[in-house]
Amino acid sequence: MLKINGLVSGGIITNYKCSSKCRHCVYASSPSWPNDYMTASTAEEIFSILKRLGCHSVHIGGGEPLLQPKKIFPVLEAAAKNNIDIDYIETNASWYKDESSTKIILRELIKHGVYTLLISIDPYHNEYIPFYKVKGLVSACSKANMRVFPWLMDFWDDLDALDDSKPHSLQEYADLFGEDYLWNLPKRYGLNLRGRALKTYKPMMRMESFESIIKNSLPCNLLSGVYHFHVDLYGNFIPQSCSGLSINLSELVHGADANKYPVFYRLETMGIKGLVEFAVEEYGYKPKSKYAGKCDLCYDIRNYLVLDQKAELSDLQPADHYRFI
Ligand code: SF4
């Protein structure tokens, strides 16, 4: 059985669809995803479970949660009904058009108990979103009494060094600040190298032999991240740091059957070695000689299962994570 007895603080993924396809995105969000959004009834169910598990506040992320601002309000109402506070909503500012229309949305968010926006400020987002939108949103927040949690101020001057009326590629940053700019970004950003971030940085990572990865295999302890878990619009519990893996939250609370979640179970209890054995024995996976670490091997197997074998496994959901990475 896979079971959790308590959760402290985490995030709600209201939608995976996004205006951008950022190269650092752990959740592989992009404009290609279906236009699905968390419904009021799913939100009600999730928040009542979280409350029972001792979680009293969440942040909201995506995708871009404010892509369609009206769709967030039923989710916020469900949170309020269950006495769950909203720590902040993450946003990339792509929806900013002008100050007056933005202030209307901000005031409505405040009425619904949202007092802080985490606004993305980094070169990855700037490949898609011109910096003037970020500046405009920050200014509108200050006028509407919405607090801003800038993520990250450290990049403000970098972005401000380029024309703020249009997006800029990472290569433009490398041209301006030096060729190692892209390589140094993960450390400055505190990036988790999973999802699309792993795909972006894999060519620059040190390769390790398959045997060495297996020799050092340890349980991944996916259920121990009680402070930064996520629950998505489909009711999936997504473990801290490891996207593309999921267990239905309501099943997890009562004890999810390990046979229904073989990938998750093996990673949780045995680590990458257990997943390799499963993929080789059940699906004929053939390991390569080298990988960019255990998480690269893990992704290679999961891609093989979902994309090549078309295996509809309950723990590799949503499958679009693999399609749109
Ligand atoms: S091996 Fe897989 S489950 Fe374990 S930490 Fe890496 S990505 Fe996550």
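I'll start with His-112, which sits in the loop between α3 and β4. Helices here are DSSP runs of H or I with at least four residues, strands are runs of E with at least two, and both are numbered from the N terminus. This is a predicted model, in which local features need pLDDT of at least 70 and side-chain atom pairs count only at pLDDT 80 or more, while totals for chains, interfaces and linings use all residues. Residues are numbered from 1 along each chain as its sequence is written, and side-chain values use heavy atoms, with hydrogens and water left out.

Is His-112 buried or exposed? His-112 is buried, at a relative accessible area of 19%; buried means under 20%, exposed over 50%, and partly exposed in between, with a 1.4 Å probe and protein chains only. Setting aside neighbours within four places in sequence, His-112 is in contact with Phe-73, Leu-76 and Glu-77, contact being heavy atoms within 4.5 Å. Next along, just after α3, Gly-113 has a positive phi of about 85°.

Now α3 itself. The helix covers residues 99-111, and its first and last C-alpha atoms are 18 Å apart, close to the 18 Å expected; the expected span is 1.5 Å times one less than the number of residues. Which residues of α3 are buried? They are Thr-102, Lys-103, Ile-105, Leu-106 and Leu-109. Down the axis of α3 they fall within an arc of 165°, so they line one face of the helix; the arc is taken from the directions from the helix axis to the C-beta atoms. On the face turned away from that buried side are the exposed residues Ser-100, Ile-104 and Lys-111. The cover over the buried residues includes α2, β3, β4 and α5.

That brings me to α5. Its 14 residues should span 20 Å, and its end C-alpha atoms are 20 Å apart, which agrees. Among its buried residues are Phe-131, Val-134, Leu-137 and Cys-141. What covers the buried residues of α5 includes α3, β4 and α6. Just after α5, Asn-145 takes a positive phi of about 60°.

Last, a helix pair. The axes of α7 (residues 170-177) and α8 (residues 181-189) come within 9 Å and cross at roughly 100°; axes are lines fitted to C-alpha atoms over the stretch in contact, with angles from 0 to 180 degrees between N-to-C directions. That makes α7 roughly perpendicular to α8, a label for angles of 65 to 115 degrees. Leu-170, Tyr-173, Ala-174 and Phe-177 in α7 meet Tyr-181, Leu-182 and Leu-185 in α8.

Note on methods
Angles under 35 degrees count as roughly parallel, over 145 as roughly antiparallel, 65 to 115 as roughly perpendicular and the rest as oblique.
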